[in-house]
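Dear colleague,

Please find below the structure that I am handing over to you, with its sequence. The findings follow directly after it.

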Amino acid sequence: MSGAGAVEARIAELGLTLPEVVPPIAAYQPAVQSGVYVYTSGQLPMVGGKLPVTGKVGAEVTAEEAKELAATCALNALAAVKSVAGDLDRIKRVVKVVGFVASAPDFTGQPGVINGASELLGAVLGDKGVHARSAVGVTVLPLDAPVEVEIQVELESA
């Protein structure tokens with residue numbers, strides 16, 4: 001049940017690569033399955049085991065950079081989903097996306113930043129990627145990451 005299916009082919013068509021699951025930095029699992037749902041832990045925009053940039057959005061990090069980082073978070077979340085579901089083609093739909101943006105005090109563009117995750121999921125999954133969402137500004141995130149994203153997906157029955 002593990003292998004590259006249509007969803008991973010679409011990721012490749014977009015010029016992206018599904019990364020390895022980002023190892024936990026504390027006491028949690030990257031994703032857990034309960035019934036037909038998979039819940040991911042918050043995914044940081046890790047690339048090759050490290051953050052490409054740190055800091056607050058609206059200060060050290062631009063909104064445009066943060067939007068790209070949110071897309072990276074969503075790709076990492078898909079890797080976490082695959083780690084428990086076995087195959088991304090089992091995704092029936094993305095139910096919910098929650099995005100956290102480490103924000104400078106006057107930054108109010110959190111929805112635009114988290115659009116990076118939402119747009120990536122739409123590009124990869126089409127109508128199955130349409131979801132409910134929250135975009136929340138916070139003071140600080142783990143490792144001084146600018147953005148963190150978690151997703152909940154519903155799977156087709158095995």
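In which loop does Asp144 lie? Asp144 lies in the loop between β4 and β5, where helices (H or I, at least four residues) and strands (E, at least two) are DSSP runs numbered from the N terminus.

Please note that this is a predicted model, in which local features need pLDDT of at least 70 and side-chain atom pairs count only at pLDDT 80 or more, while totals for chains, interfaces and linings use all residues. Residues are numbered from 1 along each chain as its sequence is written, and side-chain values use heavy atoms, with hydrogens and water left out.

The loop between β4 and β5

Phi of Asp144 is positive, near 65 degrees, although the residue is not a glycine. Leu143 is found in that loop as well, and its phi is also positive, at about 60 degrees. For context, most residues other than glycine have a negative phi.

Asp144 forms a salt bridge with Lys56, with the closest N and O atoms 3.0 Å apart; the term denotes a side-chain nitrogen of Lys or Arg within 4 Å of a carboxyl oxygen of Asp or Glu. The pair links distant parts of the chain, 88 residues apart, with Lys56 in the loop between β2 (37–40) and α2. By this rule the count comes to five salt bridges.

Leu143 touches Ile25, Leu44, Met46, Leu51 and Thr54, not counting residues up to four places away in sequence; contact means heavy atoms within 4.5 Å. The C-alpha atoms of Leu143 and Thr54 are separated by 7.8 Å, and the two residues are 89 residues apart along the chain.

Helix packing

The axes of α2 (residues 63–85) and α3 (residues 110–125) come within 7 Å and cross at roughly 45 degrees. Axes are lines fitted to C-alpha atoms, for helices over the stretch in contact, and angles run from 0 to 180 degrees between N-to-C directions. The angle makes α2 oblique to α3, a class for whatever is not under 35 degrees (roughly parallel), over 145 (roughly antiparallel) or 65 to 115 (roughly perpendicular). Residues making the contact include Ala63, Ala66 and Leu78 of α2 and Val113, Leu120 and Leu125 of α3.

Helix α1 (residues 6–13) and α3 pack at an angle of about 120 degrees, with their axes 8 Å apart. Here the contact is made by Val7, Arg10 and Ile11 of α1 together with Ala123, Val124 and Leu125 of α3.

Kind regards
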